[in-house]
Amino acid sequence: MKIKFNIQTILLLVGAIVLISLALPRQTAQYNKHDVGDVWSYPDMIAPYDLQVYRDSSEMRRVRDSVEQSIIPYFKWDVALGKAIADSVDRNLAKVPEMSSVERYRIVTEIASLYHRGVVDARTYDAIRNDRLPKMFVDGRSSAVATQEMISAEAAYAFIDNSFASSHSVLSMVGLKDRMVPNVTFDEEKTALQVNIKVNALKNTPVIEIKKGQRIIDFGDIITNEKNVIINAFYKEKEKQMSGVNTTLILAGQIIIITIMVMVFYFYMYFMRPRTFTNQRKMTFLIVFMAVFIATVFAIVRIRPNMMYVIPFALVPIITTTFFDSRTSFFYHTTVILICSLVANNQAEFIILQFLAGAVAIASMKELTRRSQLAKCALFVFLIMCVSYIAMFLMRTGKIVGIEWEHMLVYFSINCVALSFAYLLIFLIEKIFGFTSTVTLVELSDINNPMLRELSLECPGTFQHVLQVANLASEAAHEIGANVQLTRAGALYHDIGKIDNPAFFTENQMGVNPHDSLQPEQSARIVISHVANGLERARKAKLPQAVQDFISQHHGCGKARYFYTMAQKASPNQAVDPAPFTYPGPNPQTKETAIVLMADACEAATKSLTDVSKESITNLINKIIDGQVSEGLLRDAPISLRDIEVVKQTFIARLRAFYHARVSYPEAVKPQEPVQAAVQSEGQASAPAVTQNENV
């Protein structure tokens with residue numbers, strides 16, 4: 001079958017690629033989660049360029065602390081201050097009459113000597129006494145000054161007071177204690193400057209140098225402190241280089257990779273699902289849903305990068321499996337998660353988790369017929385994500401300690417609760433795109449549906465016929481892998497057009513046949529009109545298009561053969577135009593409609609059999625279906641000869657069960673006179689009792 005490319009589909013595809021590309025963040029640097037002591041579970045890391053590893057902020061804090069402890073601090077030594085204090089004390093002592101000049105000279109000389117040695121504050125003096133400050137740098141001196149002779153102001157006063165105890169009262173009177181202040185003070189600014197010079201020198205000196213092509217860490221290696229520093233430095237350098245790149249080139253690369261992945265899916269549909277590919281509504285949905293979902297994921301990640309495991313990616317396979325086959329859903333889901341992995345921090349873990357979640361969702365949602373299935377699906381997805389996450393953590397770290405149980409359970413729980421919205425989305429998609437879900441088909445298959453109730457009341461024979469056809473067709477659909485629920489629903493509604501003229505169909509007639517008074521052409525027109533009448537009723541009832549297709553295709557372009565034959569017999573010497581006796585069609589376009597076409601003809605024909613043996617039913621089924629094949633009624637349906645053979649055997653088995661012979665019940669034995677019964681019992685042997693199974 002030659003498939004034409006639809007310009008509208010191509011334009012939608014281009015629009016989807018543009019939308020996804022614009023939504024994708026320009027920054028593409030990815031970081032693998034790791035901690036010291038973990039096993040490196042990612043591919044070997046090889047330096048793509050020369051890399052110099054510098055100390056990080058925490059290391060630099062330790063370096064600064066070390067420098068501050070090891071550096072010789074700077075102090076200011078005010079020589080003039082010591083002389084000024086000594087002169088001030090001398091002048092004040094001279095005013096005291098009882099103080100001798102000799103005593104005064106000794107006191108002043110001792111004070112000057114102490115200040116010459118250096119007087120410091122109490123904190124500095126404590127550091128000197130505990131050997132934490134053996135030397136100091138002093139302004140104007142090229143080398144460090146020893147501090148062992150320095151003394152604190154308090155200790156200097158105590159020394160003077162003890163040395164000149166007889167003058168204690170005089171010294172107190174002149175306020176010597178308050179006058180004794182340090183002349184050697186800490187120079188905080190200059191010391192800090194020297195610390196910064198040394199720290200900056202160490203900061204700008206690489207501790208490790210990696211050459212281009214050198215291995216940083218291999219798969220399976222333990223992440224040591226040193227390797228952790230190198231890995232972090234690599235990511236930092238990568239981020240630095242990314243900040244200066246041309247965003248236009250990044251956008252071009254993103255468009256190319258997204259285009260490739262989207263086009264792979266596009267050509268999958270072209271080659272593997274040509275009927276879906278040529279269906280404009282279905283392709284529009286697939287492209288639009290993919291673009292909107294991925295763009296939404298990218299928008300969420302822009303705002304909250306850690307929300308990747310909260311987004312319910314399993315919605316994609318649940319929704320697509322509802323309206324398409326499982327293989328298409330699987331391929332579609334794989335394409336979505338591959339594109340979304342472009343923004344995942346841990347791409348391998350993300351792809352594995354979402355791949356498994358999607359596979360489980362597809363397996364558990366092959367047919368969504370009950371709401372409980374959605375709950376079970378969500379539970380299975382939750383379990384597989386939890387187990388897979390734990391397995392990935394064990395593989396990555398080699399330990400069980402460290403799993404973020406609370407975050408994991410909360411994220412995965414929110415993810416699975418969000419899957420409950422699939423039911424609402426399925427309903428909205430049905431209404432917007434005109435699709436038919438299995439849930440809708442189940443609802444339509446309820447025989448209490450108003451239209452089926454009307455069929456059972458107005459056309460009881462037809463109603464029994466469609467029930468039999470539904471049973472036959474759904475069984476055959478199951479055997480060849482077709483959509484069972486769609487087949488059943490379509491079979492139940494394929495003859496609803498007979499409600500308008502029930503008496504003109506044999507199964508509803510009660511002895512009087514109105515066709516006896518009509519010409520074959522008139523009878524054929526009335527019988528054929530049940531297709532158009534059925535379509536009109538279906539449109540008014542807003543039945544899904546998928547169900548309407550069964551009404552229009554269940555006879556295909558076949559003939560009302562009985563009336564066509566009658567017309568030929570009525571005019572044996574001239575050709576009869578087959579057009580008035582031909583159904584409008586089209587021929588079946590799907591497996592499901594093809595099955596109903598075969599089931600409809602076979603079920604109706606077997607009712608005319610008087611001999612319901614296996615050979616008789618087999619011959620009839622083969623004759624009818626082989627005739628349909630030879631007429632070309634099945635040539636447009638994607639059904640193989642093998643499928644047709646399976647359908648035949650299924651029909652034969654089911655129809656034999658429908659028409660199996662039942663054991664005749666014996667006539668009731670009339671009561672006999674006692675004397676006659678006694679004579680018989682004496683003259684004849686007693687007959688054995690026969691037990692009948694009433695269920696035969």
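I take contact to mean heavy atoms within 4.5 Å. The model is predicted, so I note that local features need pLDDT of at least 70 and side-chain atom pairs pLDDT 80 or more, whereas totals for chains, interfaces and linings use all residues. Residues are numbered from 1 along each chain as its sequence is written, and side-chain values use heavy atoms, with hydrogens and water left out.

**Entry 1: nonpolar cores.** I looked up the nonpolar cores, each a set of buried Ala, Val, Leu, Ile, Met, Phe, Trp, Tyr and Cys residues joined through side-chain atoms within 4.5 Å; buried is under 20% relative accessible area, exposed over 50% (1.4 Å probe, protein chains only). The largest core has 71 residues, of which Phe285, Val297, Phe298, Phe313, Val381 and Phe412 touch the most other members. Helix 13 (residues 280-303) gives the largest share, 13 residues. Helices are DSSP runs (H or I, at least four residues), numbered from the N terminus. Beyond four places in sequence, Phe285 contacts Ile319, Phe324, Tyr332, Ile429, Phe433 and Phe435. Another core, of 57 residues, lies apart and includes Ala476, Ala489, Val547 and Leu597.

**Entry 2: helix 26.** I found Phe563, Tyr564 and Ala567 buried in helix 26 (residues 561-570). Down the axis of helix 26, the buried residues fall within an arc of 105° (directions from the helix axis to the C-beta atoms), so they line one face. Tyr562 and Lys569 are exposed on the other side. The cover over the buried residues includes helix 24 (520-540).

**Entry 3: Glu592.** I placed Glu592 in helix 27 (residues 591-606). Glu592 is buried but has no salt bridge (a side-chain nitrogen of Lys or Arg within 4 Å of a carboxyl oxygen of Asp or Glu).

Definitions and conventions
Helix = DSSP H or I, 4+ residues; strand = E, 2+ residues; numbered from the N terminus. Lys, Arg positive; Asp, Glu negative; His and termini not counted.
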